[in-house]
Amino acid sequence: MAKVISVNISEKKGTLKRAVPEIELKLRRGIVGDAHAGDWHRQISLLAEESIDTMRALSPIPLDPGVFAENINTEGIDLKHLPVGTHLRIGETEVEVTQIGKECHNDCAIKKAVGKCVMPTEGIFAVVVKEGVVRPGDEIEVLK
């Protein structure tokens, strides 16, 4: 069973995301209280714990949830191979995958410390299709 491991926000752009008990997803907005919320195609970012674990093995710095600027850490789902347009039910919400990976801006601190970063190739982005709350432990399902 795929599930949510952590949910993370940052109130200001350019600051590390921090784990919170829950996040509220809004249509055409993204995550309430997150600096990256807005009416655009990258409202929410997701990254698999499995991807972070490969980096943890190489990293001299701690890689806590949110360090890659991801909003939702997942387990048990191969995010990087989901096609754009895939719908995911996450707890009571639904999101649509809009982008796989992104350019790593100005060689982030992780890339500088480890030599690579997984977010550009393994992180995904989505928009909110159905509003609601997401919490750690919520189940994730790929919708057909």
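## Alanine 19

Alanine 19 sits in strand β2 (residues 18-20); helices (H or I, at least four residues) and strands (E, at least two) are DSSP runs, numbered from the N terminus. This is a predicted model, where local features need pLDDT of at least 70, side-chain atom pairs count only at pLDDT 80 or more, and totals for chains, interfaces and linings use all residues. Residues are numbered from 1 along each chain as its sequence is written, and side-chain values use heavy atoms, with hydrogens and water left out.

Alanine 19 counts as partly exposed because its relative accessibility is 47% (buried is under 20% relative accessible area, exposed over 50%, partly exposed in between; 1.4 Å probe, protein chains only). Leaving aside neighbours within four places in sequence, alanine 19 is in contact with Ser6, Val7 and Asn8 (contact means heavy atoms within 4.5 Å).

## An open sheet

Three strands form an open, antiparallel sheet in the order β4-β3-β10 (two strands pair if DSSP finds at least two bridges between them). The edge strands, β4 (30-31) and β10 (132-134), each pair on one side only. In β4, isoleucine 31 stands opposite leucine 25.

## The nonpolar cores

The largest nonpolar core has 24 residues (a core is a set of buried Ala, Val, Leu, Ile, Met, Phe, Trp, Tyr and Cys residues joined through side-chain atoms within 4.5 Å). Among those with the most contacts inside this core are Leu25 and Leu46. Strand β1 gives the most to this core, with 4 residues.

A second, separate core of 9 residues includes Leu63, Phe68, Met119 and Phe125.
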